[in-house]
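Colleague: I would like to learn how to read a fold of this kind, going from the sheet to its packing and then to single residues. Could you take me through it step by step?

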Amino acid sequence: MALSLTKVIQNARKKHTATVFFLHGLGDSGNGWAPVTEEMSYKLEHVKFILPDAPIRPVTVNGGARMPAWYDIYALSNVENILKQRSDDEGLLMSVASVNRLIRDEIDAGIPSNRIVIGGFSQGSAVGITIGLLSEYPFAGIIGLSGYIPLKEKTFTMATDANKNTPIFLGHGDRDLVVPYQIGKLSYDLIKSREYPVTFRTYNGMGHHSSQKEIEDMISFLQEVIPDQNSEKI
């Protein structure tokens with residue numbers, strides 16, 4: 001079952017030839033990342049940014065409080081229990097289906113999947129990585145910031161070959177106390193062990209947030225995987 005999601009849209013500054021979907025973290029909204037993607041758009045003028053809003057739902061780890069969440073989180077993770085911990089697979093896959101609906105709309109509007117990048121931060125990163133690995137569409141790239149693979153090994157039993165050669169950029173701060181750095185590194189190791197072309201960047205001293213250096217690295221990655229076609233000669 002897919003839900004109809006609200007979203008923030010930042011149109012390309014010139015002719016639109018590529019689209020980036022970026023999913024926010026727990027308790028946030030698309031507006032939370034809008035200033036970052038607006039800053040990025042000055043160097044990616046051909047890119048349209050779509051920032052979906054997660055549905056409002058109770059979150060167990062926060063005492064059942066209702067907040068924007070891509071899926072429920074039952075307990076805080078650490079390296080020892082991340083592979084064994086119970087996860088909200090149903091909620092996660094519902095969010096995957098809901099974002100996939102937006103992606104299909106973008107493809108139907110004329111942007112080919114190989115000019116689309118799916119990415120996100122924290123819980124949004126977990127959903128974005130899952131979408132990329134499970135999708136039947138070959139994307140231009142996948143971005144995961146301060147995130148992890150929520151379904152762990154199960155993800156790869158469901159994965160398609162569509163993005164087996166799609167570049168993946170992962171970034172994580174080594175002072176992250178919310179999604180510990182080691183969990184991000186473990187997720188990278190899992191992806192790499194399946195022979196995906198994945199890059200992992202460590203940001204020294206960074207906690208559970210982004211940084212100017214990480215944003216610059218993300219811009220460089222996007223310039224590589226979805227270069228500006230407006231300047232190409234015909």
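Modeller: Let us begin with a term: two strands are said to pair if DSSP finds at least two bridges between them. Strands of a sheet pair through backbone hydrogen bonds, either parallel or antiparallel. In this model, which is predicted, β2 and β6 run parallel and are joined by five bridges.

Colleague: In what order do the strands of the sheet lie, and which are the edge strands?

Modeller: Seven strands, in the order β1-β3-β2-β6-β7-β8-β9, make up an open sheet whose pairing is mixed. At its edges are β1 (7-10) and β9, each of which pairs on one side only. Ignoring direction, neighbouring strands of this sheet are turned against each other by 15 degrees on average.

Colleague: Which strands does α3 lie across, and at what angle does α3 run to β6?

Modeller: An angle of this sort is taken between N-to-C directions and runs from 0 to 180 degrees. Helix α3 lies across β2, β6, β7 (141-145) and β8, and its direction is at about 150 degrees to that of β6.

Colleague: Which residues touch the most other members of the largest nonpolar core?

Modeller: That core has 43 residues, and Ile103, Ile131 and Ile191 are the ones that touch the most other members. At least two residues of this core come from each of β2, α2 (89-108), β6 (116-121), α3 (123-134), β8 (168-173), α5 (181-193) and β9 (198-203). Apart from it there is another core, of 27 residues, which includes Val8, Phe49, Phe221 and Ile226. Returning to isoleucine 131, and leaving aside its neighbours within four places in sequence, its contacts are Leu23, Val96, Val99, Asn100, Ile103, Ile118 and Phe139.

Colleague: Is threonine 19 buried or exposed?

Modeller: Threonine 19 counts as buried because its relative accessible area is 0%, where buried means under 20%. This residue is found in strand β2 (residues 18-23), and its bridge partner in β6 is isoleucine 116. Beyond its neighbours within four places in sequence, threonine 19 is in contact with Val47, Lys48, Ile50, Glu106, Ile111, Arg115, Ile116 and Val117.

Conventions:
Residues numbered from 1 in each chain as written. Predicted model: local features only at pLDDT ≥ 70, side-chain atom pairs only at ≥ 80, totals over all residues. Heavy atoms only, no water. Helix = DSSP H or I, 4+ residues; strand = E, 2+ residues; numbered from the N terminus. Buried < 20%, exposed > 50% of the residue type's maximum accessible area, 1.4 Å probe, protein only. Contact = heavy atoms within 4.5 Å. Core = buried A, V, L, I, M, F, W, Y, C linked by side-chain atoms within 4.5 Å.
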